[in-house]
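Good morning, and thank you for coming.

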Amino acid sequence: MYNVLFVYLAMAVLISIDTIRRDRIQKGKDQERYVQERTLLGQKTKRVLLELKNLTITFGGVTALNAVNLKIYQGEILALIGPNGAGKTTVFNVVTGVYRATSGEVLLNEQSLDGMKRHHITKIGIARTFQNIRLFGDMTALENVITGTDVHKRSGLLGGLFGMPRARREEKAGRVKAHEILQFIGIDEYSDRLARNLPYGVQRRLEIARALGTNPQLLLLDEPAAGFNPAEKVELANTIKKIRDAGYTVLLIEHDMSLIMGISDRVAVLDFGQKIADDLPSVVQNDKRVIEAYLGVPADAS
Amino acid sequence: MKLLNRLREGNLRDWGASFWEQSSPTKRKVIATSLIGFAALAPFMGFGLLDTPVSDYGAVLVYPVGMFILMALGLNIVVGKSGLLDLGYVAFFAIGAYTMAILGTRTSLNTWEIMPIGIALAMLAGLILGLPALRLRGDYLAIVTLGFGEIVRISALNTREIGGPNGIANVPVPPSIGPIKFSLNDQKAFFWVVLIMILLTIWMIRRLSVRRAGRAWEAIRQDEDVAELMGVHTLKYKLWSFSLGAAVGGAAGVLYASKTLFIAPEMFTLNVSILILACVVFGGMGNIWGVVLGAAILAYLPERIRFISDARLLVFGLALVITMNFRPDGLLPRKKREKAIVKSTQDGI
Amino acid sequence: MFSTLIDQFWSLTLSGIALGFIYVLISLGYTMVYGVLRMINFANSEIFMFGTFATIVISRDFLGNVDGTKSLPLPKLILTITLCLLGSMLVSGLVAVFVELVAYRRLRARGTNKLATLISAIGISIVLSEFMRIITNSRPTLNPRVLEKKSLFEIAGASFRMDTVLTIIFAAVLFVVLDRFVKFSRLGRAIRAVSMNEDASKLMGVDLNKVISATFLIGGLMSGAAAFFYTLTYENTKFNVGFTLGLAAFTAAVIGGIGNIRGAFFGGLSLGLVEVYASSILGTEWKSVTVFIILVLVLVLKPNGIFGEAVQQTRA
Ligand SMILES: Nc1ncnc2c1ncn2[C@@H]1O[C@H](COP(=O)(O)OP(=O)(O)O)[C@@H](O)[C@H]1O
Ligand SMILES: [Mg+2]
């Protein structure tokens, strides 16, 4: 009676083959993309890094994003604002592959991210922070950042186990880089503390550091100044500017208007899942629809 | 007294770790060597309080004590390090044991030559189970692995070619290594082999823990979604975790078959998986020393106290419930501490 | 290979349906608890097992039905069935409430992670089955016959036996009652509210502990009823009887989309049929292997279940 065993084995083999095949395809695509990026980098300065094309996503009956079009240019800080529930975090979730768009697509360097696994999206250059902090609490601050840097390491488990030269080299390099990032963000003194014991403000910054660890082209910050006092906000604004000046592109969700006006190069406004404005900060500030969205919210919708 | 207090505060492990960190390399070497030497002498300590009335002390040290520690360390990679609840761990043990029994009785290969084959087959089984199962989360994974463990047993039970319910008898013992002979009457040699395997496993876990793989597992255990979003190839590392755990289980199985001479499907029930899980949980998930201690205690006590040996599984089940409810981190919890230097600067502020 | 299946198709179908109804009732235990806790109740198989023993103890020891050669006289039969069914449901229900109190509540109050709760639930399930193993000396326990396995009537070669008919009718009625109850009663609505959104329902003043206890109780009652029908049909039990049945019932719940009450109905019936058909082809010793393969396939390919529509909307 080997029938049953045979069926199970066949099933397992099929699933394995499928997984391996999908991984292969993904790897091939990555390689192409990488080459293209390199050539693109040398060209004009103001090129589109990320583009949302007609992005729509619905949950049951709720349309969280409705045909949103948005371009993010290389090297800028783009602020994404809008009332609560407007769909800002949902944009992040679609871009990072947490949700699959109902229709429309997301392009990084003109390549669709559709169907790509989440860790691949991170690997090709998009990293994020979370609205409600989600650090690895039982790791030290340094380990959190090193985990980010691990994405680009080429040595795997066996290399680490047997202490291969490349594994050692990469391990060391990752540690050094993580320290650099912590210094850059200004929290290196906390590097050996467990993340969950860190003060709130440091935790928020550590999230940024961990994301930077993955060496992203595009950094997504979800309300990084939430719960900060004015002094901390100013400090954070400077950090974000510093990040941009170091060559990263930043997409920033934030509620604090003065912070946004101070640092962003452009501002996009979402309201009920629709983009209602997308322009220079000073223009958006005086846009009638934006003011309405913020002030004229009907009483029952909040 | 001080020790008891520390245990109550749950930082005995931290105390040990900081002691270790503050020791010089030579001191460390001395400590490690003497600990290993002490463990190696355990077979000669079977008198007085330690002796086991129910069964032969020397045999108890090999099975269950040594084997349980070994398997608990293997399962700890899966449950403790990566947070994946595997209730079918016995399957890998069984696969190792059956590999040994089949090849040992039908070919001229000896235990040491079969060992790598058994490990490889167990890892393969881990991959076959893991590829579909590790896409599932939490309780689904638990129930699928639980089913898998039973399936392996039922398949062995219903396959006449490998003895069906009668199992396989006359499995050869390992050939002697120089003057060290393997025999059932004097199991010291078996114990030393188990000890070496335990040390190798500990070496592997300690090494991987501070490397990319260890961080990936830790990240997966704490928040799988975020791990994936931070670029961790979660499926790949979960598969690694699974198959390394399986490898240890398979190795234990090979040695077990070569030690008991006779194996049958009834030795590989769900109960074994639960016993090993209890060892991991009771000692402290994710902490090597906790797991070793937990497994040693839970394996040894039923042999020492006759009353417990009749209700062994009941006691282990209770251990699971009580540990989870009152001391979820186990006897020796995983790392809570931060490096000593930072503590002191912090105290200064 | 297929000759048994073809020859006895209708009679197999009938026993598949009867078995399916037992699965339906047990899988309700899994599904209801999953709905409110988002967690598998690992001890459900032991809750069921206690019901089978309750049935035997009531029938054999309390009512003295020890003869076991033919059917009881009608009045005694009705009394036996009523008392055993109610007693089995009650015992299983109480065990379920006990399980929740001991293994789940404290951990939930502390908000520990899922792994801890799972392990605690597995622990309690081991404790329950070991407890029974020790008092029964690992031996199977027989239930002296109360109902002769005589065919009432035959349709297309399928003989409708008294126990089969009873199981199907009673189980169907119980299912409908439960479905109505969850839909329309106050408690049922509270249960559904918790399933849909725990936080919101807390804000609306639902007493969470009470609702969760009640859910375990209801799930236990259903598993207890299943235990009665099982014992009536198979006339024996053992401390580990819940393992295979539990795995199958869980599979049924997954097929129907776990958390979905009506899904459990379709899941249970289809699994009962598939299992009976497959056993006639492969042999009964491969029964649990078949069930397991189905479970893995469904979980991997259709994690929301074959009958599961959007899970959130149809949840208990
Ligand atoms: N997983 C989900 N399921 C159902 N609705 C969702 C989900 N995620 C987001 N939504 C809905 O989408 C809308 C946008 O949410 P979000 O993007 O979090 O808003 P915000 O702009 O405040 O970040 C909200 O109405 C929210 O309820
Ligand atoms: Mg948001």
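I begin with a definition: a polar contact is a pair of N or O atoms within 3.5 Å; within protein, one must be able to donate a hydrogen and the other to accept it, and residues adjacent in sequence count only if both atoms are side-chain atoms. With that in mind, an oxygen atom of ligand 1 is 2.9 Å from a polar backbone atom of A:Gly87.

Two remarks on the source are needed. This is a predicted model, in which local features need pLDDT of at least 70 and side-chain atom pairs count only at pLDDT 80 or more, while totals for chains, interfaces and linings use all residues. Residues are numbered from 1 along each chain as its sequence is written, chains are lettered from A and ligands numbered from 1 in the order in which they are written, and side-chain values use heavy atoms, with hydrogens and water left out.

Let us stay with the ligand. In the side chain of A:Thr90, an N or O atom is 2.5 Å from an oxygen atom of ligand 1. On its own, ligand 1 has 560 Å² of accessible area, and the protein covers 63% of it; such areas come from the Shrake-Rupley method with a 1.4 Å probe, and for residues only the protein chains shown count as cover.

The residues around ligand 1 (those with a heavy atom within 4 Å of it) include A:Phe59, A:Lys88 and A:Tyr99. Which helix gives the most to this shell? Helix H2 of chain A, residues 88–95, does, with 3 residues. Helices here are DSSP runs of H or I with at least four residues, strands are runs of E with at least two, and both are numbered from the N terminus.

I turn now to the interface. In chain B, 44 residues are in contact (heavy atoms within 4.5 Å) with 44 residues of chain A. The buried area between the two chains is about 4100 Å², and carbon and sulfur atoms give 61% of it. Buried area is the accessible area, with a 1.4 Å probe, that two parts lose on being put together, summed over both. B:Arg215, B:Leu229 and B:Met230 supply 19% of what chain B buries against chain A, more than any other three residues.

Side chains of opposite charge can pair when their charged atoms come close. A salt bridge is a side-chain nitrogen of Lys or Arg within 4 Å of a carboxyl oxygen of Asp or Glu. How many salt bridges cross the interface of chain B and chain A? The rule finds 6. In one salt bridge, B:Asp225 meets A:Arg118 at 3.6 Å, N to O. On the side of chain B that touches chain A, H9(B) provides the largest share, 8 residues.

Lastly, two backbone details. B:Tyr63 and B:Pro64 are joined by a cis peptide bond with omega of about 10 degrees, and B:Pro64 is in helix H4 of chain B, residues 57–81. A:Phe272, which is not glycine, has a positive phi near 45 degrees.
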